[in-house]
Amino acid sequence: MKVSYFPGCTLKNKAKDLDLYARRSAEVLGVTLEEIENWQCCGGVFTTSNDEVATKLSSVRALKEAAAKGQPLVSVCSACHNVIKQTNHAMQNDAFFASKVNNYMGQEPYAGETTVYHYLELLRDVVGYDQVKAKVVNPLAGKKIAAYYGCLLLRPNSTMQMDDPENPTIMEDLIKAMGAEPVVYARRNECCGGYVTMENPEFAKRKSLDIIENAKAAGAEVLVTACPLCRYNLQKAGTDMPVVYITELLAEALGVKEVTNEQ
Amino acid sequence: MSSNKKFLQEELTRMSGVNPKKCMKCGKCSGTCPAYDEMEYHPHQFVSMVESGDIEPLLNSKSLYRCLTCFACVDRCPRGVEPAKLVEAVRLVAVRKQGANHMTANDVPAMLDDDIPQQAIVSAFRKYTK
């Protein structure tokens, strides 16, 4: 099957790995990620105020492109997914906001018809983790992997609707499908310090160290995330804990990590 | 309450969709806030100060730029008050004033290193700048 794909700014630059491993792994699983044309940066964070229109237009453009092709819209970056999903929710539920957007954009009015998936949801709900498991050629047996969710994948839960926001399993179940052992720890859905690292890196370091120490105490050997900013903050904490993208492990389990690296 | 304070209070309520009167003062928002130690005014104080119309101190506080918008307070509030949305509205009122941007493009180069993702820069700009 083919789905529309919104890579986002960071996946074209500092997080190329996250993008390339995701595309190649999806191909193995029978899904082509079709990058939408002329996409624009989502802005990184959703502005919750209902009188903010301009900051949400790039997401609406992406959603409309997917709607025109009759495809769901998929992102791998946790931030892009959060912004696009919250924007779509606003287009569905806030008629005043939607009317301002549609008046500005012209053409066909859009009312949130596109289905928005995070890459993990695509694997769980469309492909199916049993199918992922069936395609694993290099099981990550014996690895103790701790999923780090952070804030953007799960919250606000009323809109994101991905998983139980306090006891998620979407990444742990994928880790199991890849043949590894998931490590559950308390701080997996607490914030890493996010963009405040720009002004106050010491603060982000404290937040990230709390997370890493908690995961280490639970027996983790490696942390996985789907967010470039989480990965940056966790790595900058300066510990020996490896932090990798979930798509890298997936490519490894599916046996396509090497060929992706040669691209 | 002066008419100016009343106007600002109504504006913040309208922008955020938050009704501060729903708050039962349990403090869970501040208890779960990852930026609590960095803030002069904490999430529960944003709610109570907007309710009482004491908004000027919030507009001038650096606390506006410490909120991570991680939505922990939004999801964990037992009354569905959604404090982060109120913090966002106050921050917007502050930075929408001419010349009141908290960060400018000239500030950015000094904050960069070789690894920092683009996402950090655009996110900070969206929060701190109009």
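Colleague: Which residue is the bridge partner of A:Ala147 in strand 7 of chain A?

Modeller: In this predicted model, the bridge partner of A:Ala147 in that strand is A:Val224.

Colleague: What makes strand 5 and strand 7 of chain A a pair?

Modeller: Two strands pair if there are at least two bridges between them. Strand 5 (residues 144-147) and strand 7 (residues 222-225) of chain A have three bridges, in the parallel sense; therefore they count as a pair.

Colleague: How do you know that strand 7 and strand 8 of chain A pair?

Modeller: Three bridges join these parallel strands of chain A, and the requirement is at least two, so they too are a pair. A:Val224 stands opposite A:Val244 in strand 8 of chain A.

Colleague: Why are strand 6 and strand 8 of chain A called edge strands?

Modeller: The open sheet has four strands in the order 6-5-7-8 (chain A), with parallel pairing. Strand 6 (181-183) and strand 8 (243-245) of chain A each pair on one side only. On average, neighbouring strands of this sheet are turned by 40 degrees against each other, direction ignored.

Colleague: Which strands does helix 8 of chain A touch as it packs on the sheet?

Modeller: Helix 8 (residues 170-177) of chain A touches strand 5, strand 6 and strand 7 of chain A. Its direction makes about 155 degrees with that of strand 5 of chain A.

Colleague: What makes the unit of strand 7, helix 10 and strand 8 of chain A right-handed?

Modeller: A crossover is right-handed if, with the strands pointing away from the viewer, the path from the first strand over the helix to the second runs clockwise. Strand 7, helix 10 (residues 228-236) and strand 8 of chain A form a right-handed β-α-β unit.

Notes. Residues numbered from 1 in each chain as written. Chains lettered and ligands numbered in written order. Predicted model: local features only at pLDDT ≥ 70, side-chain atom pairs only at ≥ 80, totals over all residues. Helix = DSSP H or I, 4+ residues; strand = E, 2+ residues; numbered from the N terminus. Axes fitted to C-alpha atoms, helices over the stretch in contact; angles between N-to-C directions. Contact = placed C-beta atoms within 7 Å.
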